[in-house]
Amino acid sequence: ARETRSRMTTPLTRNDRRFFLPRRDFGVGEEADSRYANSVLILVSLGTITTALSGGLLNISLPVLVRHFDASSLEASWLLLGAMLASTSTIIMFGRLADMFGRLPFYFMGMALMTVTSLLAGFSPNIIVLIILRMFQSVGSAMLLANLAAIVTVTFPPERLTKVMGMYMSALSAATLAGPPVGSLIADTVGWKWLFWSQVPL
């Protein structure tokens, strides 16, 4: 119990696998702790926005894709359900693996997988290929979602955690709300391909 309390009250003084970024790169002292924590919060917020947009952009724009690919109702359903199935079936596994091997590799593998699949999805020749790419994209999303809240929790001291978690949830909520209207605008103006390509530079 004493060891657990020590880990909770001094999360920035231990150079172990719980750390998201290499702690030694930021030096020592309160100022270094602050720089480290702020850097982590920025990257976590970026991952949060990316994962929320990946689903939100597509939901309201689904009819555009159905018309373009002349997809059946079953294929259209799997475009959404396949992604949900891939995410929910892998998120617990990635959370456990990140506890064992570190969160940094899984964060960047997830971000890389989402970026590559977003790029390829815009070139999909048919709805089946798009469904498969969306499932792989959701696997990348699961890598991020399994670790984002945990990263914030171990980075910030308890007295700052409530405020920071509020900022994290605000970023998630804002991106979730922005997804459908932004997706509708993109689909109506520049075409369905940019529903995926717009995520690549982010």
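Select helix α4 (residues 73-101) together with helix α6 (residues 127-145), whose axes come within 7 Å and cross at roughly 30°, each axis being a line fitted to C-alpha atoms over the stretch in contact and the angle running from 0 to 180 degrees between N-to-C directions. Because angles under 35 degrees count as roughly parallel, α4 is roughly parallel to α6. The crossing of the two helices is right-handed, in that the near helix is turned clockwise from the far one by less than a right angle. Helices here are DSSP runs (H or I, at least four residues), numbered from the N terminus.

This is a predicted model, in which local features need pLDDT of at least 70 and side-chain atom pairs count only at pLDDT 80 or more. Residues are numbered from 1 along each chain, and side-chain values use heavy atoms, without hydrogens or water.

Next, select the residues that meet (contact means heavy atoms within 4.5 Å): among them are Trp78, Leu79 and Phe94 in α4, and Ile131, Arg134 and Met135 in α6. By class, this contact has 15 nonpolar, four polar and two charged residues, with Gly counted as polar, and Asp, Glu, Lys and Arg as charged.

Now centre on Glu75, which is in helix α4 and counts as partly exposed at 24% relative accessibility, the class between 20% and 50% with a 1.4 Å probe and protein chains only. Leaving aside neighbours within four places in sequence, Glu75 is in contact with Ile127, Ile128 and Ile131; the C-alpha atoms of Glu75 and Ile131, 56 residues apart along the chain, are separated by 8.1 Å.

Definitions and conventions
Parallel < 35°, antiparallel > 145°, perpendicular 65-115°, else oblique.
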